[in-house]
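Here are some notes to read alongside the structure.

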Amino acid sequence: MNRREIDLPSRVVLRPGLISELPDVIESLGYSHPVYIVDRFTEEHFLPEGARACRAPEATIEVAEHAASCVSGADVVVGIGGGKNIDVAKYVGWKTGIPVVSVPTIPSHDGVASPMISLSDSGRPYSQYFRPPHYVLVDPDVLVNAPDRFVRAGFGDVVGKYTSVYDWWIAHVDTGEYFGRYSASLAYLTFRHVVRARKAIAGKTHEGINVLMEALVTNGIVMGIQHSSRPASGSEHMISHALDYLRGKKGMHGLQVGLGTIIAAYFQGRDWERIRKVLEDVGAPVTAETLGISEDMMIKAVAIARTLRDRYTILHRLSVGEELARQALKATEVI
Ligand SMILES: [Zn+2]
């Protein structure tokens, strides 16, 4: 690997009360014509009065294309809310060249500072490398008030690094794919930190939410170092993508990834029981039923996961199909 370019956000700001001063903060960054990408909830709760906005009800290519057509004259695109608004804002930035600011209002996944655009294209996962948002503006007072399920989801997404990093190593051993030790170590470190802080995270203390947010931002930075989501997304993510595909809509990403991590760890011959325990400790789902997924769909998802994207993982090494999927899901009591 000869490339020596690392894409990072210019600045990440974590400051209590920031969101109520958003127009001033945006102006202080040198922008005077912002367009905010919102959904109904963030429009109602966080959109500054009188601000120009474009709605993104879903994280699909169609919605993102529409958003890209409604930002003319803007000098900055501000994605405010959860994952989908920020992904749509990044897509708009990629298409139009307008700088992107990310304002996460829930700590639910690691897209907030990442260079990846993650959308759905007719039900299939769409993943595109762009670059990280120019600025990431975080108001901890808002994040500690996020509903529990979003916090559990963010935790699940970071727990997924337990298996994603190992999948990367497996790919290196089996196929000779480049393995970046620094990026891998950094991603794995975020897993260790959130596990250690899991009580504070579940309790949504400022300290716990800070650890979770730092972990999510760090994984975005890891992807910027690697120019790929490889360190942060392995078989546990493929299982989540397969669930989205079979359900015909995006489920709670981090919760599905957490569940996928139990299964991936089992296939990897590692400590899946510990993964299940730490997820239980924060109240995250450890069975398919809790996520409203039937046994059949869960088996199918694990069986087709490796066909959804061209990325070598433990699922490829073991050629996982329906039989192995059923076996793993029963053994781990996911079904
Ligand atoms: Zn993820």
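1. Leaving aside residues up to four places away in sequence, C54 touches V35, I37, A67, C70 and V71. This cysteine lies in strand β3. Please keep in mind that the model is a predicted one.

2. Is C54 buried or exposed? It has 22 C-beta neighbours inside 10 Å, and 20 or more is the mark for burial, so C54 counts as buried. V38 is 16 residues away from C54 in sequence, yet the two C-alpha atoms are 6.3 Å apart in space.

3. Now to the sheet that holds β3. Six strands make up this open sheet, with parallel pairing, and their order is β1-β8-β5-β4-β2-β3. At the edges stand β1 and β3 (53–55); each has a single partner strand, so one side of each is left without a neighbour in the sheet. From one strand to the next, the twist averages 20°.

4. Next, a hairpin. Strands β6 and β7 pair in the antiparallel sense, over six bridges. The hairpin they form has two residues between the strands, and S122 in the turn has a positive phi of about 50°. If you want a pair to locate on screen, D121 stands opposite R124 in β7.

5. Stepping back to the whole chain, the domain assignment gives domain 1 as 11–143 and domain 2 as 148–331. Their C-alpha centres lie 25 Å apart. The contact between them takes 25 residues from domain 1 and 30 residues from domain 2.

6. Which elements give two or more residues to the side of domain 1 that touches domain 2? They are β1 (11–14), β6 (116–121), β7 (124–129), β8 (135–138) and α5 (140–143). The largest share, four residues, comes from β7. Sorted by class, this side of domain 1 has 16 nonpolar, seven polar and two charged residues.

7. My last stop is helix α13 (residues 272–281), whose buried residues are W272, I275, R276, V278 and L279. Why do these residues sit on the same side of α13? They cover an arc of only 165° around the axis, which puts them on one and the same side of the helix.

8. On the face of α13 turned away from its buried side you will find the exposed residues E273 and E280. Just after α13 comes G283, with a positive phi of about 85°.

Methods: Residues numbered from 1 in each chain as written. Predicted model: local features only at pLDDT ≥ 70, side-chain atom pairs only at ≥ 80, totals over all residues. Domains from an automatic or database assignment. Contact = placed C-beta atoms within 7 Å. Nonpolar A, V, L, I, M, F, W, Y, C, P; charged D, E, K, R; others polar. Pairing = 2+ DSSP bridges. Axes fitted to C-alpha atoms, helices over the stretch in contact; angles between N-to-C directions. Buried ≥ 20, exposed ≤ 12 C-beta atoms within 10 Å, placed from the backbone. Arc of directions from axis to C-beta.
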